[in-house]
Amino acid sequence: MSEEERCVIVRVGEERYAFPIRQVREVVSTPSLTFVPRSPRHVAGVMNLRGQVLPVVDLRKRLNLPEEEKRERKVVVADWKGEVVGLLVDEVEAVGEVAAAETEEEVRGESWVRGVARSGGHLVVVADIVSLLGEESRGIS
Amino acid sequence: MESLNASEEEIRIFLEEVEEQLELLETGLLKLEREGTDPEVLASLFRAAHTVKGSSAAVGHQAMAAATHALENVLDRLRRGELHPAPGVVSVLFRTLDVLREMKADLAEGKEWTGDLGPLLRELRQMAETPGILAEAGIFFDEPLEEEVAERLREGEAQGLVPLKVTVRLAPEAIMPAVRAYQAYEALASLGEVAGSRPSLEEIEQEKVEAEVVFFLLTREAREGVRAAAASVPEVLGVEIERLGLSPRVAENLSAEEPGSPSGAAREASLGGGAAGDNRTVRINVEVLDRLMNLVGELVIDRTHLARLSTLLGRFEEAEEEIRELGRLSAHLARVTGFLQDEILKARMVSIDRVLKKLPRLVRDLSRSLGKEVDFEIRGEDTELDRSVIEVIGDPIIHLIRNALDHGIETPEERVKAGKPPRGKLVLSAYHRENQIVIEIADDGRGLDAEKIRRTALERGLLTRERLEEMTERELWQLLFLSGFSTAREVTELSGRGVGLDLVRKNIEGIGGRVEVDSHPGRGTTFFLYLPLTLATIRALLVESGGQVFAFPLSGIVETLRVTPGAVKKLNRREVMEVRGKVVPVFRLDEVLCLPSAEQGNGSGYAVLATAGGMETGFVVDALLGEQEIVIKNLGGYLGEIPGFLGATVLGDGSLALILDVRGLREPLLN
Amino acid sequence: MAKVLVVDDSEFMRMRCRQLLSGQGYEVVEASNGEEAVARYEEEKPDLVMMDITMPVMDGITAVREIKKRDPQARIIMCSALGQQAMVLEAVKAGAKDFVVKPFQPERLVATVRKFLG
């Protein structure tokens with residue numbers, strides 16, 4: 001993908017990811033999460049999105065990044081198979097045009113990585129949210 | 001019995017005949033209620049009443065003769081089309097039937113019937129004598145009205161005015177009640193059109209007024225305004241306003257702009273044998289609700305934009321305080337519209353009791369005509385469902401019940417031969433399970449006959465013999481739902497107007513549910529209807545455990561107890577509590593769910609005793625937060641079904657609480 | 001100060017009404033028959049009229065009609081004897097707003113007047 005695409009750029013830890021804006025519904029600040037016992041590890045919990053139950057995936061856990069102290073975090077609400085699922089990130093940095101540079105296969109790795117780009121002076125991984133979330137929560141190891 | 005001039009033998013024959021005729025009356029009335037005017041039905045009803053009148057007079061049972069005579073007069077008017085079988089009329093007829101049954105029962109026991117026939121006779125007489133109730137299909141009124149008045153009311157309604165019955169009660173000490181009545185007339189006439197009144201305007205002017213005047217008003221004014229107008233007349237003690245009764249069909253198509261007053265004590269006119277009006281309710285047209293939903297939907301879109309704007313703007317450093325304020329406003333708006341959505345969804349909730357109410361009579365009816373004896377039990381009648389779901393399940397449930405009575409339960413003789421009690425058992429249960437509402441219709445009859453199913457399938461060329469031989473019993477039973485499978489017997493009048501099991505499945509699947517069946521030859525059959533529950537509400541007990549709030553569906557809770565230290569004992573490596581002499585396994589909810597424990601498990605807190613599948617389990621929690629009606633929300637496809645949880649609900653503060661499924665919680669624990 | 005026009009062919013009745021009403025602080029003017037009442041109404045423009053029914057020259061009901069013709073907003077209360085319901089009805093049809101029955105209890109009368117005049 002080398003054309004420019006409007007993306008929402010988020011930060012988790014030191015890493016940055018870009019999600020195509022058409023996959024993103026909205027961003028919620030300081031979410032109030034309810035933990036769901038017996039749910040998969042990477043599911044942070046559920047929250048009330050205007051009366052709807054929104055399952056929220058902790059991107060840190062999903063990406064196996066080290067845990068950090070809880071600070072103010074944000075939830076990126078994405079479309080997933082006709083429903084909505086949230087991604088818990090540390091920060092939503094910007095919304096902007098991103099052009100993914102050519103990448104080597106090895107860099108790509110996961111299926112949900114669409115490419116890598118430069119934005120705001122950082123290296124940003126462009127990701128496809130639906131693949132990142134998987135077929136269903138349990139499908140993620 | 002001394003008062004009758006008949007021998008014992010004659011009385012015996014009389015009783016038999018009365019029983020027969022009463023059956024006919026019951027069947028006929030049920031038909032009349034369900035299907036409306038039918039000349040044959042009316043003729044048969046008339047004949048039945050006539051017959052009983054004659055014989056009861058002959059044996060000297062004066063009360064029965066009087067009652068059936070009055071009944072006959074009403075039935076006569078009905079069959080001549082001079083009276084319309086409005087719900088109010090039919091219910092009086094049913095009451096008469098009940099009284100006749102009582103009389104017969106008392107006579108059979110040699111007792112004298114000691115009821116008061118007065119009020120009933122008056123009602124029947126009024127129905128037989130009052131002029132012109134509309135015989136037309138379409139709009140009709142529960143009220144005996146003159147032809148022109150009813151005509152005018154109908155016209156007015158078609159023009160979008162609302163027909164109200166305004167009852168004005170005058171102070172007993174009023175010296176000139178006719179003047180007050182006239183003043184009330186003037187006051188109401190200024191708000192619309194007075195189509196008629198009782199006493200009529202002429203009679204008012206002739207001073208033929210007593211304590212009460214009833215006005216039939218066509219108006220667009222809200223009820224509060226009408227009430228205020230009538231009450232403004234001096235010496236008016238009270239004003240009661242009712243919307244005039246309509247046929248159920250018309251009520252559904254009702255113009256949305258009903259000038260209803262949310263605070264007014266407006267009584268509902270009864271429909272189709274429905275419950276008497278509840279002063280705290282207002283009837284709302286389904287279309288109004290749908291429109292409200294759409295409007296809320298638009299609000300939701302706007303608030304999404306607002307939220308997005310607010311977040312995007314948040315990146316600007318300037319005007320930070322204002323941005324934050326915007327954010328707070330947006331969040332508040334989101335909460336409020338969320339609640340609005342919930343309330344409207346709740347407004348669509350309807351108790352399943354509405355559908356189940358007429359079943360007992362139906363079962364009694366059918367079982368008798370089929371010569372079967374059945375005990376019918378209903379469980380879970382306060383389960384609530386979304387209106388659209390309710391509308392669909394009515395017919396399927398009736399069909400399945402008829403099925404059970406017709407094909408499932410055997411005659412008493414057959415049952416006794418099979419070593420079963422002569423009375424069959426039919427149980428309809430409605431309950432929640434995980435993500436759904438389940439309705440079970442279980443009979444202890446003969447069960448499904450696999451061989452017969454194979455044969456029928458072969459006959460109808462549905463499957464090859466080889467395939468049929470391979471199929472398991474469960475698969476065979478699924479064949480019942482194939483269209484084309486309905487045997488001729490199922491399309492009998494008793495089983496309904498040819499509604500086959502295929503239609504049942506189609507209807508249920510059409511709303512996102514499913515139908516299953518389980519059967520044991522000789523022991524019985526159970527049909528399961530699984531219905532989507534996303535919009536349902538239940539009453540729940542909120543508890544706190546592990547720092548979180550959870551909801552226990554109230555229907556599964558037996559009781560709650562304070563847990564004192566030492567109340568929890570160890571028995572065979574399991575923790576138990578002794579409750580009312582029973583030993584119940586107990587678990588700490590926070591341990592079960594692997595949550596951080598509040599106390600160091602010395603067992604203090606509260607125990608919630610919940611039941612599932614006939615077994616009780618205790619769950620110890622940290623605090624009981626109270627009972628509440630909650631809207632069940634699906635956890636969504638991403639999380640799927642998590643055993644132990646029915647879904648989630650939004651609490652008053654906007655946070656979510658998970659709803660527990662006791663059966664799902666317990667299963668892994670006790671295995 | 002509200003003004004009340006008392007119309008009755010009996011001087012005694014007029015006097016009683018006057019005493020009662022002026023005691024309550026109302027200004028009272030009088031007429032002894034319907035015709036006078038119409039004329040006085042035009043002159044005095046009272047806030048309320050207490051109208052007797054049976055009077056010579058012009059009866060109360062006709063007077064109500066005449067006054068209403070000239071002033072549709074006129075507030076008129078009939079003073080009727082027992083057994084005159086039909087006539088009170090007529091009067092209400094003609095536009096009278098309320099009535100009191102003679103012999104009236106003072107509180108009743110005052111209460112009715114207050115209702116219209118405050």
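Modeller: I begin with chain C, whose elements run β-α-β-α-β-α-β-α-β-α from the N terminus on. This amounts to 5 helices and 5 strands, where helices (H or I, at least four residues) and strands (E, at least two) are DSSP runs numbered from the N terminus. The model is a predicted one: local features need pLDDT of at least 70 and side-chain atom pairs count only at pLDDT 80 or more, whereas totals for chains, interfaces and linings use all residues. Residues are numbered from 1 along each chain as its sequence is written, with chains lettered from A and ligands numbered from 1 in the order in which they are written.

Of the 118 residues in chain C, 38% are buried; a residue is buried if 20 or more other C-beta atoms lie within 10 Å of its own, exposed if 12 or fewer, and partly exposed in between, with C-beta atoms placed from the backbone. Among the contacts in chain C with a separation of 6 or more, 60% join residues 24 or more positions apart; two residues are in contact if their C-beta atoms, placed from the backbone, lie within 7 Å.

The strand for the close look is β3 of chain B, residues 212–219. Because 6 of its 8 residues are buried, β3(B) is largely enclosed by the rest of the structure. Strands pair if DSSP finds at least two bridges between them. Strand β1(B), residues 162–170, runs antiparallel to β3(B) and is joined to it by 8 bridges. Strand β2(B), residues 192–198, also pairs with β3(B) in the antiparallel sense, over 6 bridges. B:Thr219 of β3(B) stands opposite B:Val162, and B:Thr219 is likewise the bridge partner of B:Gly192.

Chain B also meets its neighbours. Its contact with chain C involves 9 residues of chain B and 9 residues of chain C. On the chain B side, helix α7(B), residues 177–189, gives the largest share, 4 residues. By class, that side has 6 nonpolar, 1 polar and 2 charged residues; Ala, Val, Leu, Ile, Met, Phe, Trp, Tyr, Cys and Pro count as nonpolar, Asp, Glu, Lys and Arg as charged, and the others, Gly among them, as polar.
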